[in-house]
Amino acid sequence: MVQAEGARIKDIAGDGVMVVFGVPVAQEDAPLRACRAALAILENLEGEWAEIEQKFGFRGDVRIGINAGPAVFGHLQAGGAAGLAVLGDTVNLASRVQGLAAPGTVLLSEHAARLVEGLVEVEFVGDHPIKGRSATEKVYRLKAVRSDASRFDASRTHGLTTFVGRERELGGLEKALREIGGGVRAFDIAGEPGIGKSRLLHEFRERADKYRALVLTGGCTSDGRETAFRAFIDVARGLLRIARGDNRATIENKVDEGLRALSLRTDENCGLLLNLLGHEPSNSALAGLDGVLIGLRTREVLRRIIHARARLAPLVLAIEDTHWIDSASEQLLASVIATETSVPLLLLLTRRPIYSPPWLGKARVVEIALDPLSDRETSRIAQARLGVERLPDALYVLIAEKAEGNALFAEEIVAFLMERRIVSFRGNVFEFDAEAVGVALPQSVQSILAARVDQLPQEARRLLQTAAVIGRRFDPHVVLALTDGGDRLDAYFADLEAQDFIHRDEASGVYVFKHILLRDAIYDGLLSAQRVALHRKVAEELERRSSNSLLERAESLAQHFAAAEDAPKAFRYLVMAARKSLNVYAIPEAESGFRKALTILESGLASVAPREGASIVVGLLETMMLKSDYREAGRIAETYMPVVKAAGETPELVVAYYYQTLSLVQRYELRAGLELMTDALAVAEKIGDPRALAFAQAGLLHCRTRLGLDTREEAERRRKDVMESCLSLNDNFLRNSAYFFVVWDCLYRGLLKEARALAIQQIASGEATGDPRAISFANWILGWINVVADSPGEAIAYADECLRLAVAPLDRLQGENIKTVAAILSGRGREALPRIEALNLEFERLGTLYNILDGPRGVALIETGRISEGVRVIKQSIAAREAAGDRTAAGFFRLLLAEIYIRILNGGQRPPLGVILRNLPTLVAARLRGARRASALIEATASHPQFDAEGVAFARIDFNRGQLWRLRRRPAKARACFERACRAAEAQGLDALRRRSEEALALLA
Ligand SMILES: Nc1ncnc2c1ncn2[C@@H]1O[C@H](COP(=O)(O)OP(=O)(O)O)[C@@H](O)[C@H]1O
Ligand SMILES: [Mg+2]
């Protein structure tokens, strides 16, 4: 009973029991707790006396006395019995008051009665002389505790002392909650460790009750950064009422019911949430979805359950320590904040100032910087801890100067001073040894924490060290299993709690270090050998305990085994964690896991099956593809291909070749890519693996397209094979790849109409499978087609749609690319130039040289009057693409240059004099030799067999030929060309070119 009220039984001597509340940590509701406990004892004994009387023929008496006030406490270590001693006048008076009580009653001292005034019902029983005192003491009989006496319950959970200051911040949060209405509001609360971010949220939570809001807490932890969705897992559990220790079946039920209640129940959503919580989804809920789609939809379902829950009643999400947020949670959080919605949702996010989150400065986000507390506020924390009304001046100054407004620092200074007896009580008199402080007090909060821990008895210290290795939150059972000390450990837990080192989280039964700095101080204080040994014990114990949920705990097991220097186990869990991350599209986490695993593999410290090694390399390559980092993918492929090859001719080898080829193609090493894919196809055919075959055919088609190796018939045959192989596997990634390469082949031949039809088909397919990548890509194609067709307005509309749905960085860049080129087409070259520079830098970085905007840059330069420079840039780009074997791209740039010469020859709008002077040599050369040059460029383009006679390239070739004939005054020849151009333009749906050809024909007539 008394322990239920957070008290401790101190002495059981003969027939007397002393119970202390709020020692050594002040609890502001200690007197109330004592009253409750006292009445509960009486009430309980009432029932039992009857029984005892019946059995043994007598009735006992209970008399209880309660006093409150300062007491001296400390650890006594006499005779090996470590424990807490409480001494002083307060204790003596309590005993006197108890002596005055009649049987079956509880008496309160005057001081105690004052502290619970209004919360209890009392009766004055008189002024009593007290032995050893001159004044009398007023004594009250406790009749009842009022049922609404809960005003202190707020601080029940922790040994929290009086909350000081922060009125403005708390007021702002409370106001937001009071006025919570349409839409999302987010508070970004930043401050140094110990300044009071968590406490502010705690105080807010207490006040949130009266607004009928549901408050859910999620948290980021320093060791949770590698766990995808870490910050939201607790939120999801909270929303679905999943408790710690629920088994799989229970979880499945709760997920099912929870989704049903929010009208979001689908098999897929159930599967996504189970998967998120670390359980294999049942049946085929996620069949056909690759990691990207699972990841995107997990983000989506989380966003939707949050909104749906908020629609039922105001919802507050408190997410702590976002400086440790994982990438998936960060994206999700950013999207929750960005979503336009009318549901009442309040987000409270805390962080250290070093992190600047993506939602900073966004609409609906209010920033709160937690400043240091004032000197007065800081000293009030100290007063509360000491249980005194006023601090001696010297102590006030000391704490104000030292703590610098940091609440944690202030608390720790006080704890330190009390433990070292630098402050103490003599009777009721508070004493402070100012001189001792100067010598003893460590400089930083970390060193105070370390010093306090050093003072602990060895067993308690060991216990904390083991706990610190586990993390800020730890299961006491794990610690107990790993620490010898038997029964006494329970007492140590209680002591450590009483000394405010750890708190128990009532809801989950785990313990939490008071502050992460405490955990870190202990952990950092371990010698490295100790640390390794402890990690090993912890890792093994956690592994043993989570045999049913290894996947769920893979990240943490990986960390412990790595720190335990157990390479084989670390390897195993790293790979598990990395795959898990890749499977929910958590890219940085996947990358980090695969890389660490590969480092272990290379070290030779773990024996790894060759196939396993190969698949890790493939996993890392896939991760690079999702990052669009072709440069790094190339490096990885070069380094680790031997690992893949060591497994022999496997599907992994084919897929690795495929990714390496994509990287080579992006870096414009087309011939090397062709060689690889030719090998890959041979392997795939030999091993007869359909997936490998699909990869090989698709990659090979693309290399051949880019090098212009196939006739139209040959290419059509290959395209058909690729479509069939890839679409038969019900794999979104392969389906997208098939469309991608087939469309590309059409574009390279100039067959825009076919490409457009395929893009439209892909949009439908993307809509059917719910794959934004497919739709985004198709819109990109449609955008390009419109660029080629000279319809910049439409091109931009498609590019915007592409951007809206873009998933990989390159998808987004492609959208930007189109918009930039469309800007040039619309005569906004000046505006396009800086954008081109920025995009090119990004393409360089990612190693996608193909995308570098060189030709368009030349045009933009020309448009802004830098004609010579522009012409030079275009010439260089022709040479570079030709050298790489990309005759098609070279051909399109040749046409571009020819068109520029023809424009100069045609005169058209006369450029300003300055422009003419600056570009004189080029302009003169163009006038003199432009026609010959243009003609040579056009005929070189026409000689490229890949350009289809009915395609866009020939439409432009013929149109330009027509213009040149007209300049040479050969109308009949010109007419024939314009007529052909007209037909091809018609066939490819190029309205602008058709119109221009028709106008040219009309002029000839
Ligand atoms: N305004 C305050 N009044 C009283 N105590 C505070 C206040 N702010 C913080 N504390 C105490 O200081 C300690 C550190 O605060 P905490 O909120 O955990 O810091 P943070 O989350 O910023 O690292 C806690 O024990 C907390 O109860
Ligand atoms: Mg905190």
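Predicted model: local features only at pLDDT ≥ 70, side-chain atom pairs only at ≥ 80, totals over all residues.

Mentor: Residues are numbered from 1 along each chain as its sequence is written, chains are lettered from A and ligands numbered from 1 in the order in which they are written, and side-chain values use heavy atoms, with hydrogens and water left out.

Trainee: Which residues touch the most other members of the largest nonpolar core?
Mentor: A nonpolar core is a set of buried Ala, Val, Leu, Ile, Met, Phe, Trp, Tyr and Cys residues joined through side-chain atoms within 4.5 Å; buried means under 20% relative accessible area, exposed over 50% and partly exposed in between (1.4 Å probe, protein chains only). The largest such core has 223 residues, and those that touch the most other members are Leu395 and Leu417.

Trainee: With which residues is Leu417 in contact, leaving aside its neighbours within four places in sequence?
Mentor: Contact means heavy atoms within 4.5 Å. With those neighbours left aside, the partners of Leu417 are Leu395, Leu398, Ile422, Val423, Phe432, Val437 and Leu441.

Trainee: How much of the exposed area of ligand 1 does the protein bury?
Mentor: Polar contacts are pairs of N or O atoms within 3.5 Å; within protein, one must be able to donate a hydrogen and the other to accept it, and residues adjacent in sequence count only if both atoms are side-chain atoms. A nitrogen atom of ligand 1 is 2.7 Å from a polar backbone atom of Val164, and an oxygen atom of the ligand is 2.7 Å from one of Arg199. By the Shrake-Rupley method with a 1.4 Å probe, where for residues only the protein chains shown count as cover, ligand 1 taken alone exposes 550 Å², and the protein buries 95%.

Trainee: Is Gln54 buried or exposed?
Mentor: Gln54 belongs to helix α1 (residues 30–56); helices (H or I, at least four residues) and strands (E, at least two) are DSSP runs, numbered from the N terminus. Because its relative accessibility is 73%, Gln54 counts as exposed.

Trainee: What is the phi of Arg969?
Mentor: Most residues other than glycine have a negative phi. Arg969 sits in the loop between α41 (952–967) and α42 (971–988), and its relative accessible area is 71%. Its phi is positive, near 60°.
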